[in-house]
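Biologist: I have not worked with this structure before. Could you take me through it step by step?

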Amino acid sequence: MRKPRRWLPPKLVSRQPAKEGAIAKSTLLVDGKEIAISNPGKVLFPDDGITKGDLVDYYHRIADRMLPLVRDRPLHMNRYPDGIGGIAIQQKRVPDSFPAWIERVTVDLHKGGTITHAVIDNTATLVYLANYNMVTAHVWLSRIQAPEQPDLVIFDLDPSGDDFGLVRRTALSLKVMLEELQLIPFVKTTGSRGLHVVVPVVVDPTFETAHLFADHVAQRLAAGDPEHLTTEFIKQKREGRLFIDVNRNAYAQTVVAPYAVRARRGAPVAVPIGWSDVESDALRPDGITIGNVWSWMQQHDDPWKVMERSRRPLPQLDESAQPDRSGRRRGVPRKARAQKAE
C-alpha cells in the first residue's frame, strides 16, 4: 500500500485537534455551508494511497464541470465506508441524518410506495457526499421535473474481453447511425471497460418509447456485425461478443454520472470525451483518473458543454413495425425533423 498523501483542504475554516482515540476533523466552507470532513487521511484506495481527503478535494474541484450534468437527477450512491476493498453499500434512500439544505425528491416506486432520493444541485452536496464515503454517483436518465420522461438515451458498450478497439469502432458506427436519424450523440469513458454513447433528447417520450427506440438501434447495429456484436442479455450466450446494452433506458434505472470516480484501482473517472478521442488508439476506458484528469481537461475543451442545446425529438418508430419473437415491436425509426440548435 502506498503512503497516503498529505491532504490540504480548500477553504479551511477550522481544524479541530484530535483527542486521543478521536477522529481528526476539518471544516470546509462550501456554498456558505460548513461541512465537517471526518478522518480525511483514511485510505479509500489502498493500492494507490488515495484518501478520503483526496476524494473530497476531487469532487470539490470538479463540481463546476459535473453539476450541470447531474443537477435535478435522483441520485444512487455507491459508498465504501472502509475503502474499495471493503463492503460496497448501494444506497438510494436519503437518510434522515442528511442536512436539510441537501435537495431531495420523492418518486413513485412503481410497485407500491415511494422513495426519497438526494439530488446533487450544488458543490456543497458533492463535498458532503464524498465525506459520506460516496465514491461513485449514479443518476437517473430523467429529471425531477418529469421523472417519467427521460431526456437522455444511453447505449452501454460492454466488451466481453479486452479488445477496446472493437468498443471504439462500435461507438463510431453507432454515432453515424444516430446522426442519420437527426440525433446528436455524445460519448464518455466509463472508468471501467467500455464506453457510454449518450443521446440528449427533448423531454417527451416515455421510458418505454425510449427503450424501444434504443433496442431497435442496437438490433440494427448488431445485425451489421453479428460475429462481434450482440444484444443478448444472458452473458453465457454472448460468446465473447460485445454487448450493446440498452436496458438502462427504463424508469428508475441509473447510469454512472459524468466525472464520477469508479471504485477501481487507480481511481479512474467516467469522463466525457470528444469523438476525435474515440478515434485514437491511445484512448483507454479507465485511463483518466483523479490524478491526471486535470491535465486532460487543460488539453481538451469541454466536449459536453453544448449538450443542453443539442436535444432533438426522439424519432418515432414506423407504424408498420412487426413484432419479434418476444412479441415486442421492432420498427424502423423515422428521421426526426431537424431542429435548429439554440
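This is a predicted model: local features need pLDDT of at least 70, side-chain atom pairs count only at pLDDT 80 or more; totals for chains, interfaces and linings use all residues.

Biologist: Which other ring has a charged end over it, and how far from the centre?

Modeller: That is the ring of W294: the charged end of R61 sits over it, 4.0 Å from its centre.

Biologist: Back to Y132. Which residues are in its aromatic cluster?

Modeller: The cluster is formed by F98, W101, Y128 and Y132.

Biologist: How many aromatic pairs are there by the ring-centre rule?

Modeller: The count comes to eight aromatic pairs. One of them joins F98 and Y132: the ring centres are 4.9 Å apart and the planes stand at 80 degrees, so this pair is edge-to-face.

Biologist: Why does that pair tie together separate parts of the sequence?

Modeller: F98 belongs to the loop between β7 (89-91) and β8 (104-108), while Y132 belongs to the loop between α2 (123-131) and β10 (134-140), so the pair ties together parts that are 34 residues apart in sequence.

Biologist: Are those two buried or exposed?

Modeller: F98 and Y132 are both buried.

Biologist: And F186 with W304, what sort of pair is that?

Modeller: Their ring centres are 6.2 Å apart and their planes are at 75 degrees, so F186 and W304 are also an edge-to-face pair. This pair links distant parts of the chain, with F186 in strand β12 (residues 186-189) and W304 in the loop between α6 (293-299) and β18 (322-323), 118 residues apart. Both F186 and W304 are buried.

Biologist: You mentioned α2. How many of its residues are buried?

Modeller: Nine of the nine residues of α2 are buried, so the helix is largely enclosed by the rest of the structure. Among them are T123, Y128 and N131. Just after α2, N133 takes a positive phi of about 70 degrees.

Biologist: Where is Q182, and what is its phi?

Modeller: Q182 is located in the loop between α3 (164-180) and β12. Its phi is near 65 degrees, a positive value in a residue other than glycine. Q182 is partly exposed, with a relative accessible area of 31%.

Biologist: What about Y259, buried or exposed?

Modeller: Y259 counts as buried, at 0% relative accessibility. Although Y259 is not a glycine, it has a positive phi of about 75 degrees. Its place is in the loop between β16 (254-256) and β17 (272-273).

Biologist: Changing topic: how many residues does the largest nonpolar core have?

Modeller: The largest nonpolar core has 99 residues, and those with the most contacts inside it are Y58, Y59, M66, F155 and V261. Helix α1 (residues 52-70) supplies the largest share of this core, ten residues. In soluble globular proteins, nonpolar side chains tend to be buried together.

Biologist: What is F155 in contact with, beyond its sequence neighbours?

Modeller: Leaving aside neighbours within four places in sequence, F155 is in contact with residues including L174, L195, A214, V217, A218 and I244.

Biologist: A214, V217 and A218 are in which helix?

Modeller: They are in α4, where A214, V217 and A218 are among the buried residues, as are F207 and L221. Helix α4 (residues 207-223) has 17 residues and reaches 24 Å from its first C-alpha to its last, close to the 24 Å expected at 1.5 Å a residue.

Biologist: And I154, where is that?

Modeller: I154 is found in strand β11 (residues 152-158). With a relative accessible area of 2%, I154 is buried. Leaving aside neighbours within four places in sequence, its contacts include L141, V197, D245 and V255. I154 and N247 are 93 residues apart in sequence, and their C-alpha atoms are 8.6 Å apart in space.

Biologist: Finally, how many helices and strands does the protein chain have?

Modeller: The protein chain has six helices and 19 strands. Buried residues make up 52% of its 342 residues. Among contacts with a separation of 6 or more, residues 24 or more positions apart account for 65%. The chain exposes about 16,500 Å², of which carbon and sulfur atoms supply 47%.

Note on methods
Residues are numbered from 1 along each chain as its sequence is written. Side-chain values use heavy atoms; hydrogens and water are left out. Helices (H or I, at least four residues) and strands (E, at least two) are DSSP runs, numbered from the N terminus. The expected span of a helix is 1.5 Å times one less than its number of residues. Buried means under 20% relative accessible area, exposed over 50%, partly exposed in between (1.4 Å probe, protein chains only). Rings of Phe, Tyr and Trp (its six-membered ring) pair if their centres lie within 6.5 Å; planes under 30 degrees apart count as stacked, over 60 as edge-to-face and the rest as tilted. A charge sits over a ring if NZ of Lys or CZ of Arg is within 6 Å of the ring centre and within 35 degrees of the ring normal. A nonpolar core is a set of buried Ala, Val, Leu, Ile, Met, Phe, Trp, Tyr and Cys residues joined through side-chain atoms within 4.5 Å. Contact means heavy atoms within 4.5 Å. Accessible areas come from the Shrake-Rupley method with a 1.4 Å probe; for residues, only the protein chains shown count as cover.
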